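Take a look at the sequence and the model first.

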Amino acid sequence: MKLKPYINCSVEDLIEDDEFIDLVKRLHGTPKWELFLDDHSSSKQKMIEAKKIIMLFVTNEPVPSYEKKLDVWTSLDRFEKGRSRDNGRTLKIGLSSAAAVLILVALGNLVYLNFNRNDATFLFSSSPDPDHPVLVLPNGNQIDLGENDAKVAVLKGQNAIQVNDDSIIGSSVETPDHARLNEVIVPFARKSSMVLADGTKVWLNAGSRFAFPTKFEGNKREVFLEGEGYFEVTENPDHPFIIHTQDIEVKVLGTIFGLSAYAADDFVETVLLEGRVQMQEKNNLFGEKVIMTPSQKATYNKTRKEIDVIAEAHPEAPVAWVKGWYQFSNESPEKVIKKLERYYNVKFDYYPGALSSSLPISGKLDLKESLDEVMAIVAKVTKLNYEIKEDHVVLSGKQE
Amino acid sequence: MSEDSHIWEKFKNAEDSALSLIYSQHVDFLFGYGRKFSDDEDFIFDTIQDLFYYLITNRKNLGEVKNIKLYLLKSLQRRLILELEKKQKQAKRNNDYHTEPEIVFPAEENLIRDEEEQAQLELIRQGMQQLNSKQREALYYKYTCGFSYQQICEIMSVSYDTARQLVSRAVGSLKKTLGKDFLTLFFILKKEAFLF
């Protein structure tokens, strides 16, 4: 998008300008705002003041409940279908196409509305994060996966799931409803690894939810992810492996890659190490679609609804968490802090502006070390002071 | 043709998925707007549902729409006001309903904060309380919803100049009350954004 030059404009001009208002709201809280200011250094002070005024009126709008939205949608859908039946002339499209089109619309917190029954959709259980990783079976039974990083394996041909190399859980009742999936919930500060029925290996990062079947049926292998995962997908061109997230789906043709799709982030990121994957926006008739080749990183921006693909010189870095490392290059301090919040299940408090003077940072952190040890390094690099108070880390600038 | 016009055409032709797309993209926004009129969530959803029933029933006769969000907001606004006037007649003194949107900005709401912040917040609150309901409404459309002045005139049924005046006077009055303490605002707002 081409931006106006914004030269010689007053605060009044800026707060009147629709493009500037839109920009402020999109860039607020992201490092891109600082970059934008740097690009317009002559108007910087005015822009900062204009932003303050605009942000006064940006409210946290109340959000309706998922159930209510679904209720209304169900009656609208029925109403529309009923009318099409009564009036044969308006029904020319739709049913004529032999293959039912899969329409997924994401509402709220990674939940899918099922418009065409039989098609793969999954509603993650709404229960709050447990203390330990848990496995939720289709019948609702919860199995505690223990205090350590959990291991789950689907035993091929036996319809059974093995937990932590010992206990084996027989598959729940044989049900023709294959849409019923198992769910693994990994709370913050935990990790989990698993092997699926087709031999695909999945590592789940802290604060993630993942749904998978005991047996893949049909010609697609479909799973659902909220959070971050690293995948080594068993090759099988006849049965593409598809990972659904709230905003995008990633179609895989035998490959190794990482996918980060946390609901709290305003982006979804895929980094490809081997093979080929296709990343596609959902919930949009004209959704963008990109096919990635190795050593590329694709980022979907949820606000702009655009996918950017860049070459990733160190594709192993974003997935180093699998091995207990967090490796990053040229990352904004905000993003690093967000990651540490998930790994250590803590909350960072800092004065606004405390981070603004910090440049992008690069490095490698051993996440097996204690938070205190890791923070000592981070503080040194960012030139900030820190203080750990139970589950809060308070950051402050050195100069203060 | 804009993307919105395109989707709208699809909806008029009863093509698959256009309705679901429009509903899912705008339902949160419409609900949030409805809450400015009433706290009764069922009432808001009933009105949203009626609006969509109307659109489905009359899809063939609907005009061209360039901005779906704006179109839906205006239609919902009209329906809410009509319904609320009916309700007010039924139950004469009912404080749950008001026939014009009541905009409350986050800085005005009482959140638990320390004393220093409370003092700064009090200042903002004072500034905001001097704004009248029309000014608030204009600020909401301009900054919260991101509509242009042209669109605000349509929503509020006022002239272009009036819409501009509402916004600029409101901002001017705020700046005056807050004076040189304006800078400290940044602190509170950033912190708020961080909390959510």
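Helix 7 (residues 149-156) and helix 8 (residues 160-178) of chain B pack with their axes 9 Å apart, at an angle of about 100°. The two helices of chain B are therefore roughly perpendicular to each other (an angle of 65 to 115 degrees). Helix 7 of chain B brings B:Y149, B:Q150, B:I152, B:C153 and B:M156 to the contact, and helix 8 of chain B brings B:Y160, B:A163 and B:R164 (contact means C-beta atoms, placed from the backbone, within 7 Å). By class, this contact has 6 nonpolar, 1 polar and 1 charged residues.

This is a predicted model, in which local features need pLDDT of at least 70 and side-chain atom pairs count only at pLDDT 80 or more, while totals for chains, interfaces and linings use all residues. Residues are numbered from 1 along each chain as its sequence is written, and chains are lettered from A and ligands numbered from 1 in the order in which they are written.

Now to chain A. Strand 8 (residues 182-186) of chain A has 5 of its 5 residues buried (20 or more other C-beta atoms within 10 Å of a residue's own). A:N182, A:V184 and A:V186 point one way from this strand, and A:E183 and A:I185 point the other way. In a regular strand, side chains alternate between the two faces of the sheet.

| Partner strand in chain A | Sense | Bridges | Bridge partner of A:E183 |
|---|---|---|---|
| Strand 11 (residues 208-212) | antiparallel | 5 bridges | A:A211 |

Terms used
Buried ≥ 20, exposed ≤ 12 C-beta atoms within 10 Å, placed from the backbone. Helix = DSSP H or I, 4+ residues; strand = E, 2+ residues; numbered from the N terminus. Pairing = 2+ DSSP bridges. Axes fitted to C-alpha atoms, helices over the stretch in contact; angles between N-to-C directions. Parallel < 35°, antiparallel > 145°, perpendicular 65-115°, else oblique. Contact = placed C-beta atoms within 7 Å. Nonpolar A, V, L, I, M, F, W, Y, C, P; charged D, E, K, R; others polar.
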